[in-house]
Amino acid sequence: SVQPKAGPALPFITPVLTFTPEGHGGRGNPTEPRVSADEGMTYVYDTKSGRLSTILNFAAYWYTVVPKVLASLEFWLFLLLHIATFLAYKTGFFSGETGPTSNHELDLAWTDVKVITAITTFFEVFYSNQCYARYLKFHNNTRGMINDAHAFAFVLRTHTGEKCRNHLRLSVRYMVAGILLHFYEIKQKVSEMDLRYLQRLGVLRPGDVQVMVSMQPQHRALITLNWSSIVACMGMKQAEAPPPIQGLLSARLLQIHAHQQEIMDGLGLPVPFAYYHLLSVMVLVNCGMWAYRMALTESWFAPFVYFFASLIFIGVMELSSELSDPFGTDEVDFPLDRWMGEMVELIVEMTEYEFECNHVLGNAGFELVVREEVPMRSGIQDFKILTDDDRHHNMVADSMPPLDHTNPQTVAPPRSAHSSPHSGASYIALSPSSPMLDGGGMDIHPRDLQQRDMHMVQSVDGRNPEQRGDCAGKIRRCMQ
């Protein structure tokens with residue numbers, strides 16, 4: 001008789017919210033299709049599948065940095081240099097230390113190459129660590145912003161859900177608008193056409209757009225969050241909520257703004273260009289020295305070794321550059337479309353749902369549930385969270401009909417290769433002194449005495465006749 005009932009949809013709910021990075025047109029005109037950023041960070045892989053199967057998974061090829069490395073000009077230039085040098089050495093142009101036409105002065109010692117390689121490796125590892133640290137910081141700020149939005153809607157619904165529903169709706173709508181405006185401002189300034197697009201989605205109203213047009217573009221997100229705080233405080237006063245809750249809601253909105261400011265500050269302070277420029281020079285010089293020195297060998301495996309060595313070296317550089325700015329459409333970028341859609345969906349559900357019990361809605365329905373609540377039981381210690389097979393086994397046992405406890409041949413639990421009557425703690429053991437069997441008016445569903453609970457029957461069967469009779473009598477009263 002208890003079920004959540006979905007209320008009317010909030011007017012700004014939309015199935016798809018898309019963000020266009022800089023350089024990909026469409027967002028300025030609401031009638032044009034928009035480029036979705038949901039392609040980023042979507043490939044799910046299994047770390048337990050093994051290295052070989054991961055490499056041979058060609059379906060994941062476009063989610064790696066290999067295509068971008070193969071599309072780079074410097075990779076192919078150095079590879080051609082290596083092949084040309086290798087063929088020249090094979091044809092005798094580089095005769096090494098033997099022969100009358102020795103060109104030993106053109107040789108390059110590996111000790112010289114190792115110096116450049118060691119320094120470049122150190123600089124590249126440091127750059128990769130810095131980029132990944134930025135990536136994690138942006139992720140924590142973005143997800144923290146979404147979590148604070150959920151908490152804001154949760155607290156506001158708790159204290160104003162029935163009395164001030166319109167205040168709740170308007171406040172969360174302004175909050176969502178402030179978050180969306182922030183992500184639009186990451187790549188470019190929000191224009192009036194962007195505001196009209198949000199108006200078409202239902203996030204903004206025509207009056208809101210008229211007011212925002214006169215504002216500084218970088219101020220709109222914070223001012224919209226301030227609107228949300230003002231409306232929330234109005235609703236809290238009208239609902240006679242405790243005054244400290246108003247400060248709690250405002251603190252949540254300020255925390256959202258703090259996450260936004262950290263993201264903008266981080267994007268405005270990348271790794272210094274001087275460092276990136278020096279690292280780029282070192283990588284190219286190192287790849288050039290590899291291309292030349294690895295070609296001075298008799299082994300036919302040299303081109304393959306150089307190919308993969310340069311692929312890895314340039315690939316790490318390319319991956320680090322993608323991690324430094326995860327707001328876009330690269331494979332490692334955040335799926336903002338999906339995250340924003342999930343945020344809006346949960347906020348709308350939090351705002352509009354109606355709790356119903358016996359056709360009674362809202363707090364009155366909760367009162368009915370409170371009166372019908374019964375004491376809780378203990379004894380279940382293993383919930384089979386990570387073992388799907390055991391959960392399925394218990395569900396099958398739950399669907400079986402009740403056993404005839406008067407027939408001793410039916411009380412023995414089944415044994416199999418996967419389970420035994422004492423194999424798991426999910427069996428609820430009841431004793432004669434248990435409050436579940438004290439005849440105090442507790443309703444025990446017959447399902448609780450089915451085959452998955454035979455541990456109880458076995459414990460009864462192992463007692464002396466007097467104790468066994470006492471337990472059997474209490475079981476019969478529970479069944480009645």
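This is a predicted model: local features need pLDDT of at least 70, side-chain atom pairs count only at pLDDT 80 or more; totals for chains, interfaces and linings use all residues.

Modeller: Residues are numbered from 1 along each chain as its sequence is written, and side-chain values use heavy atoms, with hydrogens and water left out.

Biologist: How many helices and strands does the protein chain have?

Modeller: The protein chain has 16 helices and three strands. Helices (H or I, at least four residues) and strands (E, at least two) are DSSP runs, numbered from the N terminus.

Biologist: Which residues of α6 are called buried?

Modeller: In α6, residues 192–201, they are D194, L195, Y197, L198 and L201. Buried means under 20% relative accessible area, exposed over 50%, and partly exposed in between, with a 1.4 Å probe and protein chains only. Of the 480 residues of the protein chain, 41% count as buried.

Biologist: Why are the buried residues of α6 said to line one face of the helix?

Modeller: Seen down the axis of α6, they fall within an arc of 155°, so they line one face. The arc is that of the directions from the helix axis to the C-beta atoms. These buried residues pack against α5 (165–185), α7 (206–213) and α8 (220–238), where contact means heavy atoms within 4.5 Å.

Biologist: What makes α7 and α8 oblique to each other?

Modeller: Their axes come within 11 Å and cross at roughly 135°. Axes are lines fitted to C-alpha atoms, for helices over the stretch in contact, and angles run from 0 to 180 degrees between N-to-C directions. Angles under 35 degrees count as roughly parallel, over 145 as roughly antiparallel, 65 to 115 as roughly perpendicular and the rest as oblique. α7 and α8 are therefore oblique. On the α7 side the contact is made by D208, V211, M212 and V213, and on the α8 side by R220, T224 and W227.

Biologist: How do you know that α4 and α8 are roughly parallel?

Modeller: Helix α4 (residues 110–160) packs on α8 at an angle of about 25°, with the axes 10 Å apart. α4 and α8 are therefore roughly parallel to each other. F152, L156, H159 and T160 in α4 meet S228, A232, G235 and M236 in α8.

Biologist: How do the residues of that contact of α4 with α8 divide?

Modeller: They divide into four nonpolar, four polar and no charged. Ala, Val, Leu, Ile, Met, Phe, Trp, Tyr, Cys and Pro count as nonpolar, Asp, Glu, Lys and Arg as charged, and the others, Gly among them, as polar.
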